[in-house]
Amino acid sequence: LYLDPEEEGAIAVLPLADLLAVEQNLPRFRTVLAAPTHRDYPTVADGDLLLQFHRATEMDADGGNHWQIEPESPPRAKPSPQYDFPFCLKLDVTSRPIHWGPQLQGLEDTLLQRRSTRQFSGQTITRAELSALLDFTYQPQHYRDQGLDGSPDYCDLSLLHTFVVVSGVEGLESGCYYYEPNSQELRQVRFKKMRAELHYLCLSQPLGRDAAAVVFHTADLGAAIARYGDRVYRYLHLDAGHLGQRLNLAATRLGLGVSGIAGFFDDQVNEVLGIPVDEAVIYITTLGQPVGK
């Protein structure tokens, strides 16, 4: 691609094929361990860590020798006891699947319509709408009957935690909730109105302040690297981005506003959410009512 290796690098390579054309059908590879794992690092100067990280996770020309064929996605992890506090409020957010229309015509229309919302009105969304968003994003098995992939290819979703900060959802108290996808419930971990904090955390973007709900994806980097090695840092972002795009599509289908945010104050997010300092924030998605609706 004639890229300067000191300045640019490939994040992902995506093969596209017509599933109905047999000669184009590609084997399903999972590349979590696409390159040898590094765990011993030299002393790295401040500011050079990201470059070192990328160089350490480059694939050699014969990197394909490390690939492994795994036809099935990893089994979903058991419910995490980490945020299962004895007296926390637990709310059922099971939902009927979003209907995508005959032959998924509604999905095609939504893909063409999807845009990032630039301004929220500050008005509320319903609990049913939030439940539907979570259902499409985290329960793909509910959509097999409509012709969608019930087991999308992720690295390992058990490495990611999901927090939902509620500011304007009808029927839900303002505060921070942990979403447990296995039991499909929200667990309230903090009782607080957080619009001012969200505004600050999102680099003073009004999107954080005016959103009805803000979804945070976080990961324990130490545990993730211990399991998969340094390359997992890339896969955490790809997995969080995959989840974020499902949130985008579901919100667009329901007529709601949505925007991803990749710029935020990392340490302050941990403080506001009340999560450990070694839990890294990977990606943020804001949800709400768009201005003019």
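Helices, taken as H or I runs of at least four residues, and strands, taken as E runs of at least two, are DSSP runs numbered from the N terminus. On that basis the protein has 8 helices and 11 strands. The model described here is predicted.

**Overall composition**

The protein has 293 residues, and buried residues make up 43% of them. Of the contacts in the protein with a separation of 6 or more, 78% are accounted for by residues 24 or more positions apart.

Two packed helices are described by the angle between their axes and the distance between the axes.

| Helix pair | Angle between axes | Distance between axes |
|---|---|---|
| α3 (residues 127-138) and α7 (residues 232-253) | about 135 degrees | 8 Å |
| α2 (residues 105-113) and α7 | about 105 degrees | 9 Å |

The angle of about 135 degrees between α3 and α7 makes α3 oblique to α7. The crossing in which α3 passes α7 is right-handed. On the α3 side, the contact is made by Leu133, Phe136, Thr137 and Tyr138, and on the α7 side by Leu243, Arg246, Leu247, Leu249, Ala250 and Ala251.

For α2 and α7, the angle is about 105 degrees. Because angles of 65 to 115 degrees count as roughly perpendicular, α2 and α7 are roughly perpendicular to each other. Helix α2 contributes Gly106, Leu107, Thr110, Leu111 and Gln113 to this contact, while α7 contributes Leu249, Thr252 and Arg253.

Threonine 252 is a residue of helix α7. Its relative accessibility is 17%, so threonine 252 counts as buried. Apart from neighbours within four places in sequence, threonine 252 is in contact with Thr110, Gln113, Arg114 and Val258.

**Aromatic pairs**

A pair of aromatic rings is described by the distance of the centres and the angle of the planes. Rings of Phe, Tyr and Trp pair if their centres lie within 6.5 Å, and by this rule there are 5 aromatic pairs. One of them is formed by phenylalanine 136 and tyrosine 143, with 5.1 Å from centre to centre and 90 degrees between the planes, an edge-to-face arrangement. Phenylalanine 136 has a relative accessibility of 3% and therefore counts as buried. Tyrosine 143, at 0%, likewise counts as buried.

A second example is the pair of tyrosine 200 and phenylalanine 265, whose ring centres are 4.9 Å apart; with the planes at 20 degrees, the pair is stacked. Tyrosine 200 lies in helix α4 (residues 195-201), whereas phenylalanine 265 lies in the loop between β10 (257-261) and α8 (266-273), so the pair ties together parts that are 65 residues apart in sequence. Tyrosine 200 is partly exposed, at a relative accessible area of 40%. Phenylalanine 265 is also partly exposed, at 31%.

Phe136 and Tyr143 form one aromatic cluster together with Trp100. Arginine 246 lies over the face of phenylalanine 136, at 4.3 Å from the ring centre.

**Strand β9 and threonine 218**

Threonine 218 lies in strand β9 (residues 213-220) and is buried, with a relative accessible area of 0%. Apart from neighbours within four places in sequence, threonine 218 is in contact with Leu159, Leu160, His161, Phe163, Ile275, Glu279, Ala280, Val281 and Ile282. Threonine 218 and isoleucine 275, one of these partners, are 57 residues apart in sequence, with 9.4 Å between their C-alpha atoms.

**Residues with positive phi**

Most residues other than glycine have a negative phi. Tyrosine 2 has a positive phi, near 60 degrees. Tyrosine 2 is placed in the segment before β1 (29-30) and is exposed, with a relative accessible area of 87%. Glutamine 184 also has a positive phi, near 55 degrees. Glutamine 184 is placed in the loop between β7 (175-180) and β8 (185-191) and is buried, with a relative accessible area of 14%.

Definitions and conventions:
Residues are numbered from 1 along each chain as its sequence is written. This is a predicted model: local features need pLDDT of at least 70, side-chain atom pairs count only at pLDDT 80 or more; totals for chains, interfaces and linings use all residues. Side-chain values use heavy atoms; hydrogens and water are left out. Rings of Phe, Tyr and Trp (its six-membered ring) pair if their centres lie within 6.5 Å; planes under 30 degrees apart count as stacked, over 60 as edge-to-face and the rest as tilted. Buried means under 20% relative accessible area, exposed over 50%, partly exposed in between (1.4 Å probe, protein chains only). A charge sits over a ring if NZ of Lys or CZ of Arg is within 6 Å of the ring centre and within 35 degrees of the ring normal. Axes are lines fitted to C-alpha atoms, for helices over the stretch in contact, and angles run from 0 to 180 degrees between N-to-C directions. Angles under 35 degrees count as roughly parallel, over 145 as roughly antiparallel, 65 to 115 as roughly perpendicular and the rest as oblique. A crossing is left-handed if the near helix is turned anticlockwise from the far one by less than a right angle, and right-handed if clockwise. Contact means heavy atoms within 4.5 Å.
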